[in-house]
Amino acid sequence: MLTFVGLGLYDLDDISLKGMHAIEEADHVFLESYTSRLMGTDPASMEKRYDKPVHILKREDVEQHPEPILSAARLGNVVFLTGGDPMVSTTHSDIRIRAAEQGISTRIIHGASIASAVCGLCGLQNYRFGKSCSVPYPAKNWFPKTPFETIKANLKADLHTIVFLDIQEKRYMSVSDAVEILEKLSAEDGTPISLYVGMARAGSPEPVVIAGTAEKMLKADFGSPLHILVIPAQLHPVEEEYLKTFAGL
């Protein structure tokens, strides 16, 4: 059996009871570490809580060399941990398909996802979100424009956009980093972004939510990671009131 378990948003206490029971029954526990991180804990704390080893997986371990995971699941119970929800934003459909092709039983134990948490934090209505996008760190001779094209299309359709920010081995993109990149793309395209909503540390005791112009975002102190960004479309009166009340609009 291969069980995908969502860890939730921030720390050790976000996992469901079903998820904890699956870990207790597991012969092997793997932690996917590249699409999201729980900033309120670390692998050593997880091992202490779970009372068993946690094997850290990098992107290539899952996408290119998943056989050790699948081999373990053929012989026993394996838990595959991810931040958030295993099949939302940090989707792992491919490895589940591979498991099914090899006759390995699978199941999913869902966890809280940033895709839904942003609605509670900033008050934007979930059915008004369009396609999401990710902003990566630019590299030499590479400045991706796809994220802005997604935002532009959503704005034209009067839909909000969730913008996921790059996570690398030892650095995490901030709201100000992402806004700076998007403002450059906006200027090149001639399509302005009039409003941003930045959020930090969803699921923590004191998340930060700030709404405003690019100038305001670049000056705001969101604190430590993880950060996420939303580009709102035209606001419904209730959405606008929520942002004024809880995000300083």
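Predicted model: local features only at pLDDT ≥ 70, side-chain atom pairs only at ≥ 80, totals over all residues.
"Buried" here is under 20% relative accessible area, "exposed" is over 50%, and "partly exposed" is in between (1.4 Å probe, protein chains only).

Residues are numbered from 1 along each chain as its sequence is written, and side-chain values use heavy atoms, with hydrogens and water left out.

Back to V163. Leaving aside residues up to four places away in sequence, V163 touches C133, V135, I151, I228, L229 and I231, where contact means heavy atoms within 4.5 Å.

What about the cysteines? A search of the whole structure turns up 0 disulfides, a disulfide being a pair of cysteine sulfur atoms within 2.5 Å.

| Cysteine | Nearest cysteine sulfur | Distance |
|---|---|---|
| C122 | C119 | 6.5 Å |
| C133 | C122 | 15 Å |

C122 counts as buried because its relative accessibility is 0%. C133 is buried too, with a relative accessible area of 7%.

Now for some loops. P207 sits in the loop between β8 and β9 (208–212), and it counts as partly exposed because its relative accessibility is 31%. Not counting residues up to four places away in sequence, P207 touches L121, A200, R201 and A202. P207 and G223 are 16 residues apart in sequence, with 9.5 Å between their C-alpha atoms.

R201 lies in that loop between β8 and β9 as well. Its phi is near 60°, a positive value in a residue other than glycine. At 13% relative accessibility, R201 counts as buried. D158 has a positive phi too, about 60°, although it is not a glycine. D158 is in the loop between α7 and β7, and is partly exposed, with a relative accessible area of 33%.

Where is there a cis peptide bond? One joins P225 and L226, with omega about 5°. L226 is in the loop between α9 and β10.

Last stop: the second largest pocket. Its lining has 16 residues, with L31, S33, R37, L38 and P43 nearest its centre. Both β2 (28–32) and α2 (43–50) supply at least two residues of that lining. By class, the lining has 8 nonpolar, 5 polar and 3 charged residues. (Ala, Val, Leu, Ile, Met, Phe, Trp, Tyr, Cys and Pro count as nonpolar, Asp, Glu, Lys and Arg as charged, and the others, Gly among them, as polar.) On a 1 Å grid over the protein atoms alone, a pocket is an open set of points where a 1.4 Å probe fits, with protein on both sides within 12 Å along at least five of seven lines, and lining residues have an atom within 4 Å of a point.

Methods: Helix = DSSP H or I, 4+ residues; strand = E, 2+ residues; numbered from the N terminus.
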